[in-house]
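Student: I am new to this structure and would like to learn how to read it. Could you walk me through a few features, one at a time?

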Amino acid sequence: MDGEFNIIRKNLAEFIIAAFAVWLIAAFLIYFDLKNTWPFFSITDANLIFVEALFVPAFASVAFGWFAYRRHRELLEQSKRASNQLGQEVIRRELAEGATQEADKRLASLAASIPGVVYQRQVTPEGDISYTYISEGARALFGVSPEEILADPTTLFDCHGPKYRSEFRERLMAASKELKMWDVEAQIVTRDGEEKWTHAIARPHLQPDGTVLWDGVILDATWIKKAELELCNAKEAAEAADRAKSHFLANMSHELRTPLNAIIGYSELLSEEAEEQGNMSAVEDLYRISAAGQHLLSLVDGILDLSKIEAGKMELSIDTFDPGQLVRDVQAMVQPLVDRNENRFVVECPDDIGEMTSDATKLRQVLYNLISNAAKFTEGGEIRLQVSCEATSNGSGTPSKIVFAVSDTGIGIEPEEVGAVFSAFRQVKPSDSGVQGGTGLGLTISRHYCTMMGGTISAESEPGKGTTITVRLPAVIVETSDIRTAEDQQPAMSSGANRH
């Protein structure tokens, strides 16, 4: 309509200008042609007035027509510019709408590829809860279409149990007020009656009007819950089996010790009688019986101790003692084992080592295990026990730890056997190495004892050059409740293995 009006107005202006221009020219021609012939056109005052009356409106009409024409041109130019701007604005809006639609398509595609539900929820200051967006994944997870949820959020909430629904609003309002992350697990029942677990994670964004927008995702956590349940059941089954094993080992150990003690005792009595009768062949056989019984008894004792440790029934007996005297007692105990393979035993212990407050019995057993282990795997070499102190970091000079290092020049251990260090029932060197192995429990029990006393045990070894086992124990055990179990503290090692 504006275009048609502009055309009419333009045509009208051009018609007026043309008509008055023609009329003006005609009037001039008539006047100059007839002014000398007609008295009417002679220059008189009356004629001048007539001419003025004739030509002034003519000039005014031409001027008005020209002004109207110029104004029309200006309006037409403005209309063109406005039309161009309007066209450009329309194009920009179309491009923006296209970009928005493309972004929506990408968002929907990304949301559909996520194994769960992507959503945006808003919570108003008045407590109204609604969803501004929810992905198609809601249909697969909850059995409810996104359109239903957008129209009525309760269709989503109804999939949860009564307890969750009763607490949901209060928890959401509190989280919206504090702007805390939403991290909630919930059990749901879909419309098809399928039970599932969900895990919702969302981040809040406070808007100027006080509304809180929650951008989040709801994941299907059913398989995680099933795995947790299976893991829990497996853990309980393993703990029950471990308790049954410890109970079985303890009972069997006690059942075996009684006949073994009888075998060892009677073999020693028979050996004494045979020696009095001069029957040396019988003495040798009876010695072998006694030695085999002693070996089996040590294995049973080790199993019994390990079962007590694993059952948590092993306790510390803390007392104050002289570690130097304890080392000398151990030296007297293990000297026959060291001499058996023609080894040399060297003890280095300062006279001013001070006192220890710990479990002397368990420390004695640890040192006995380490030295006897070294003696078995060393022939014609040297076994060394070095005792030293580690002072406190404040420079007071008071020892905080006592260090016991047992080293040998025996066969050592291969690097690939490092993982077997302190493992129960595991002997790094097999019997075909030419050396008789032990029970495989000596270093395992030693590790448990060291850990119970708040210390550490570590191993270093090099094949063909020997092994060094280092024990670091607190000089004073203050709080037994702070002592960790062997499972909480793994021994440090650079190379070594359980050879006993």
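Tutor: Gladly! Let us begin with Y119, which counts as buried because its relative accessibility is 3%. Buried means under 20% relative accessible area, exposed over 50%, and partly exposed in between, with a 1.4 Å probe and protein chains only. This is a predicted model, where local features need pLDDT of at least 70, side-chain atom pairs count only at pLDDT 80 or more, and totals for chains, interfaces and linings use all residues. Residues are numbered from 1 along each chain as its sequence is written, and side-chain values use heavy atoms, leaving out hydrogens and water.

Student: How many aromatic pairs are there?

Tutor: In general, a pair of aromatic rings is described by the distance of the centres and the angle of the planes. Rings of Phe, Tyr and Trp (its six-membered ring) pair if their centres lie within 6.5 Å; planes under 30 degrees apart count as stacked, over 60 as edge-to-face and the rest as tilted. That rule gives six aromatic pairs here. One of them joins Y119 and Y131 edge-to-face, with 5.8 Å centre to centre and 70° between the planes. This pair links distant parts of the chain, 12 residues apart: Y119 is in strand β1 (residues 116-123) and Y131 in strand β2 (residues 129-134). Helices (H or I, at least four residues) and strands (E, at least two) are DSSP runs, numbered from the N terminus. Y131 is buried because its relative accessibility is 6%.

Student: Which residues do ring pairs link into a cluster?

Tutor: The cluster holds Y119, Y131, F157, Y164, F168, W182 and W214.

Student: Which charged residue lies over the face of W197?

Tutor: A charge sits over a ring if NZ of Lys or CZ of Arg is within 6 Å of the ring centre and within 35 degrees of the ring normal. Over the face of W197 lies K225, at 4.7 Å from the ring centre. Another case is K362, which lies over the face of Y449 at 5.5 Å from the ring centre.

Student: Which residues have the most contacts inside the largest nonpolar core?

Tutor: In soluble globular proteins, nonpolar side chains tend to be buried together. A nonpolar core is a set of buried Ala, Val, Leu, Ile, Met, Phe, Trp, Tyr and Cys residues joined through side-chain atoms within 4.5 Å. The largest one has 42 residues, and I371, L385 and F404 have the most contacts inside it. Elements that each supply at least two residues of this core include α8 (280-310), β9 (382-391) and β10 (399-408). The largest share, eight residues, comes from α10.

Student: Is E342 buried or exposed?

Tutor: E342 is exposed, because its relative accessible area is 68%.

Student: Where is T258?

Tutor: T258 is in helix α7. With 57% relative accessibility, T258 counts as exposed. T258 and L297 are 39 residues apart in sequence, and their C-alpha atoms are 9.7 Å apart in space.
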